[in-house]
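Trainee: I am new to this one. Could you show me how to read it?
Mentor: Gladly; here it is.

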Amino acid sequence: MINIMGGKYSNLSLEKAAGSFIDACIEEYKEHVESEAKNRKSTANEAWMNYETYISTSSVYNNNGLWCYLCNSYIYTGGAHGLSTSIGFVYDVYDSMPVTLNDIFDEESLPAVLEMIKGYIDGLDDAKAYWKELVTVSENFTVNEEGITWYYNPYEIAPYYIGITAVPVSFDKLKPYIIKDSPINSIIR
C-alpha cells in the first residue's frame, strides 16, 4: 500500500487507506478549485475544473520466489495534459523483502549495465529525442524469465510526447554482472 498511495496510509487497512486517499484527493481538488474560482469572472463549463486520478497494479511475474508488479497511474489536475507513470516493484517472497539494485549488481557493474540501457535507447526510432546524460540504472524495474526491464517515466529521460519508456535487457547480456547470491538467480537459465 505504501508503494501505491504513500507512507501516511501504510498503517491502515486496504479499505480505510483507499477511502482516506480518495477523501484527500477530493479535499485537494476542492481547495484548488475554490482558490482558482475566486480569480475568475466565470467558471461555467471550464475544463480546468476536471481532475482525474487512476491507479492500477498489474502482476508482471510471480514465480521462483519472486513477485514483480507495476503500479500504473494517470493523474490530471488541469493544464495541457495529464501524466502517466509506471513504477516497478520486485519482492523476494521467501525473505519478504524488496529486491533492489544492490541485491542484483555490484557497484562496479553498474557502468556496464548503464551502457546496455543506453544502447537499447540508441536503437529506438526516436533516440535523438532522449536526454541520454540523464539516463541512470534506475531502481524502477521489474524482472521476468527473460531479463530485467527498466521504466523511465515522462520527463525523466525524454520529453512528454515520448511517454513511458520500457527498456528490456536480457539475462544473456546481464548474467556476467549479476552477483552470485542475488535473489533473482533463481530465474536465470
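Predicted model: local features only at pLDDT ≥ 70, side-chain atom pairs only at ≥ 80, totals over all residues.

Mentor: Residues are numbered from 1 along each chain as its sequence is written, and side-chain values use heavy atoms, with hydrogens and water left out.

Trainee: How many residues of strand 6 are buried?
Mentor: Strands (E, at least two residues) are DSSP runs, numbered from the N terminus. Buried means under 20% relative accessible area, exposed over 50%, and partly exposed in between (1.4 Å probe, protein chains only). In strand 6, six of six residues are buried.

Trainee: In which sense does strand 6 pair with strand 5?
Mentor: Two strands pair if DSSP finds at least two bridges between them. Strand 5 (residues 141–143) and strand 6 are antiparallel, with three bridges. Phe141 has Trp150 of strand 6 as its bridge partner, and three residues lie between the two strands of this hairpin.

Trainee: Which residue in strand 7 stands opposite Tyr152?
Mentor: That is Thr165. Strands 6 and 7 pair over six bridges, in the antiparallel sense.

Trainee: Where is Tyr155?
Mentor: Tyr155 sits in the loop between strand 6 (147–152) and strand 7 (165–170). Its phi is positive, near 75°, although Tyr155 is a residue other than glycine. Tyr155 is partly exposed, at 44% relative accessible area.

Trainee: Is Ser96 buried or exposed?
Mentor: Ser96 counts as exposed because its relative accessibility is 61%. Ser96, not a glycine, has a positive phi of about 55°.

Terms used: Helix = DSSP H or I, 4+ residues; strand = E, 2+ residues; numbered from the N terminus.
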